[in-house]
Amino acid sequence: MSVIKQAFSSLLLVLLLAHARDARTAATSSTMEDTCKRFAGGDQAGHDYDFCMKTLGADPESASMDAHDLAVDAVYIAMSAARATGARIARLQLAETVPARRECLNKCAAEYDVTVRRLSDAGSYAYVSGSEHLQKAQRLLAETLGAPLRCDRAFTAAGQRSPLTSTDHELDEAIGLAISIV
């Protein structure tokens, strides 16, 4: 009889631990969903909500993050997007032979260098937490908004077509998401 009681107690303990783990996962997953609903203005069926869930969900650990960690993660996701565009611009610079386009690419490269530095600083401030640090993070994030547009304007002013794609322009959405969460 005691073997049956031990087995039953063990089974009960396993079930309770599994339930507690599922409750924690649901609560933190709910944090990401709530964050994305706020970002989308409450519209769970809109583009902003889908973008937020896709962007934050790209990090497998995001489902278990609290709001502060999601804010820091969003900043680093934006920084990663800026780095990727900066690297693409650097590759284009190497291959460009037209002087006007090369000059535009140089301006874009400088723009993205500054953007990545500001996003890195914003991530550091967001990581530390505290209202003063979060305000500094928000200010730095706001300063980075529009990097793709400023790059496009350099090409337009030179009468050239911008090489930036819609993917490069998602940087502003990622920065907007980070600002919203921070």
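Visitor: What pattern do the disulfides of the protein follow?

Guide: Counting the bonded cysteines along the chain, the pattern is 1-2, 3-4. Please keep in mind that this is a predicted model. The structure holds two disulfides.

Visitor: What makes C36 and C52 a disulfide?

Guide: The test is a pair of cysteine sulfur atoms within 2.5 Å. For C36 and C52 the distance from S to S is 2.1 Å, so the pair meets that cut-off and counts as a disulfide. C36 belongs to helix α1 (residues 2-39) and C52 to helix α2 (residues 47-57), so this pair, 16 residues apart, links distant parts of the chain.

Visitor: Why is the disulfide of C36 and C52 called left-handed?

Guide: Its handedness comes from the torsion about the S-S bond, which is about -75 degrees, so the disulfide is left-handed. Both of its cysteines, C36 and C52, are buried.

Visitor: How do you know that C108 and C151 are joined?

Guide: Their S to S distance is 1.7 Å, and the cut-off is within 2.5 Å, so they too count as a disulfide. C108 sits in helix α4 and C151 in helix α6, so the bond ties together parts that are 43 residues apart in sequence.

Visitor: Is the link of C108 and C151 left-handed or right-handed?

Guide: It is right-handed, with 100 degrees about the S-S bond. C108 and C151 are both buried.

Visitor: What makes C104 count as buried?

Guide: Buried means under 20% relative accessible area. C104 has 3% relative accessibility, so it counts as buried. Across the protein, buried residues make up 34% of the 182 residues.

Visitor: Why is α4 called roughly antiparallel to α6?

Guide: Here the angle decides. The axes of α4 (residues 99-128) and α6 (residues 147-157) cross at roughly 165 degrees and come within 9 Å. Angles over 145 degrees count as roughly antiparallel, which makes α4 roughly antiparallel to α6. The crossing of these two helices is right-handed.

Visitor: Which residues of α4 and α6 meet?

Guide: From α4 they include R101, C104, L105, C108 and Y112, and among their partners in α6 are A147, P148, C151 and F155. By class, the contact has nine nonpolar, one polar and four charged residues.

Visitor: Is the crossing of α3 and α4 left-handed or right-handed?

Guide: α3 passes α4 in a left-handed crossing. The residues of this contact divide into 17 nonpolar, nine polar and two charged.

Visitor: How many helices and strands does the protein have?

Guide: There are seven helices and zero strands, so from the N terminus on the elements run α-α-α-α-α-α-α.

Visitor: What share of the contacts with a separation of 6 or more is between residues 24 or more positions apart?

Guide: Such pairs account for 66% of those contacts in the protein.

Notes
Residues are numbered from 1 along each chain as its sequence is written. This is a predicted model: local features need pLDDT of at least 70, side-chain atom pairs count only at pLDDT 80 or more; totals for chains, interfaces and linings use all residues. Side-chain values use heavy atoms; hydrogens and water are left out. Axes are lines fitted to C-alpha atoms, for helices over the stretch in contact, and angles run from 0 to 180 degrees between N-to-C directions. Helices (H or I, at least four residues) and strands (E, at least two) are DSSP runs, numbered from the N terminus. Angles under 35 degrees count as roughly parallel, over 145 as roughly antiparallel, 65 to 115 as roughly perpendicular and the rest as oblique. A crossing is left-handed if the near helix is turned anticlockwise from the far one by less than a right angle, and right-handed if clockwise. Contact means heavy atoms within 4.5 Å. Ala, Val, Leu, Ile, Met, Phe, Trp, Tyr, Cys and Pro count as nonpolar, Asp, Glu, Lys and Arg as charged, and the others, Gly among them, as polar. Buried means under 20% relative accessible area, exposed over 50%, partly exposed in between (1.4 Å probe, protein chains only).
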